[in-house]
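Please read the following report alongside the sequence and the coordinates.

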Amino acid sequence: MILRRVARPLLATIFVTGGINALRQAEGHAKAAEPFLNSAFEKVGDVVPEQVPRDPVTLVRIDAAVKIGAGLALAAGKAPRLAAGLLLGSLVPTTLATHSFWTIKDPAEKQQQQVNFFKNASLAGGLLLAVSDTHGKPSAAWRARHAAKDVSAAAGKLSRKGQKRANKLAKRAQKALPN
């Protein structure tokens, strides 16, 4: 459908350009994200495996790579549901780290961050639509339910046929036996 071919690249553009910008200015982005990351690791650090990097610059670069890769995949229509899910997973912490308007005292800055926060919330809504888009085909859950019903019906039919056959054989055996 032409709508998907237009909408996906439009939705993906902000992530690809944002990812490129984050790679180019990783240190600046890391400095902005550091308070959020420190707070997050203080709260859930014992649950996060040791292999997960804690260096803000490395995390910013990983996030940028996800945004670029998943953004390009979404724009090209390659695994679009997975790509949208990855972008959504990247968008939530980025939004919390960079647009926490509730912590800002200056009214003008608070207003600006609130606008950016809700812009990202709107992007999240678009990504949720992309995650759930099945191209007009039934979802995997629907197909699984209907396949289970079909298997059940076929098994019931086979069971009835088997019962019928067993009854016929029993009658034949009864006739074959001497009285």
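This is a predicted model: local features need pLDDT of at least 70, side-chain atom pairs count only at pLDDT 80 or more; totals for chains, interfaces and linings use all residues.

Residues are numbered from 1 along each chain as its sequence is written, and side-chain values use heavy atoms, with hydrogens and water left out.

## Pockets

A pocket is defined here on a 1 Å grid over the protein atoms alone, as an open set of points where a 1.4 Å probe fits, with protein on both sides within 12 Å along at least five of seven lines; lining residues have an atom within 4 Å of a point. Grid points are joined across faces, edges and corners, and a volume is the space filled by probe spheres set on the points. The largest pocket has a volume of about 900 Å³. Its lining comprises 35 residues, of which Asp-63, Lys-67, Ser-90, Pro-93 and Thr-94 are the closest to the centre. At least two lining residues come from each of helix 1, helix 2 (26–44), helix 3 (56–76), helix 4 (80–98) and helix 5 (107–132), where helices are DSSP runs (H or I, at least four residues) numbered from the N terminus. By class, 22 residues of this lining are nonpolar, 10 are polar and three are charged; Ala, Val, Leu, Ile, Met, Phe, Trp, Tyr, Cys and Pro count as nonpolar, Asp, Glu, Lys and Arg as charged, and the others, Gly among them, as polar.

Pro-93, one of the residues closest to the centre of the largest pocket, is placed in helix 4. At a relative accessibility of 34% this proline counts as partly exposed, since buried means under 20% relative accessible area, exposed over 50%, and partly exposed in between (1.4 Å probe, protein chains only). Between Pro-93 and Lys-31 there are 15 Å in space, C-alpha to C-alpha, and 62 residues in sequence.

The second largest pocket holds about 210 Å³ of space, and its lining includes Met-1, Arg-4, Arg-8, Pro-80, Leu-129 and Asp-133. Helix 1 and helix 5 each supply at least two of the lining residues, with helix 1 giving the most, namely five. Seven residues of this lining are nonpolar, one is polar and three are charged.

## Salt bridges

The structure holds four salt bridges, a salt bridge being a side-chain nitrogen of Lys or Arg within 4 Å of a carboxyl oxygen of Asp or Glu. The table lists three of these pairs.

| Pair | Closest N and O atoms |
|---|---|
| Arg-8 and Asp-133 | 3.3 Å |
| Glu-27 and Arg-61 | 3.4 Å |
| Asp-63 and Lys-67 | 3.0 Å |

The salt bridge of Arg-8 with Asp-133 links distant parts of the chain, 125 residues apart, with Arg-8 in helix 1 and Asp-133 in the loop between helix 5 and helix 6 (140–176). Arg-8 counts as buried at 13% relative accessibility, and Asp-133 likewise counts as buried, at 18%. A network of salt bridges links Arg-4, Arg-8 and Asp-133, and these three residues are among those that line the second largest pocket.

The salt bridge of Glu-27 with Arg-61 ties together parts that are 34 residues apart in sequence, because Glu-27 lies in helix 2 and Arg-61 in helix 3. Arg-61 is partly exposed, with a relative accessible area of 40%. By contrast, Asp-63 and Lys-67 both lie in helix 3, four residues apart, which is about one turn of the helix. Lys-67 is buried, with a relative accessible area of 10%.

## Surface and single positions

What lies at the surface around Ile-2? Met-1, Ile-2, Leu-3, Val-6 and Leu-10 form a nonpolar patch there, with about 600 Å² of accessible area together. Patches are made of residues with over 30% relative accessible area and no salt bridge, like charges being joined within 9 Å and nonpolar side chains (Val, Leu, Ile, Met, Phe, Trp, Tyr) within 5 Å; accessible areas come from the Shrake-Rupley method with a 1.4 Å probe, and for residues only the protein chains shown count as cover. Ile-2 belongs to helix 1 (residues 2–24) and is exposed, with a relative accessible area of 68%.

Ala-79, in the loop between helix 3 and helix 4, has a phi near 50 degrees, a positive value in a residue other than glycine. Ala-79 is partly exposed, at a relative accessible area of 45%.
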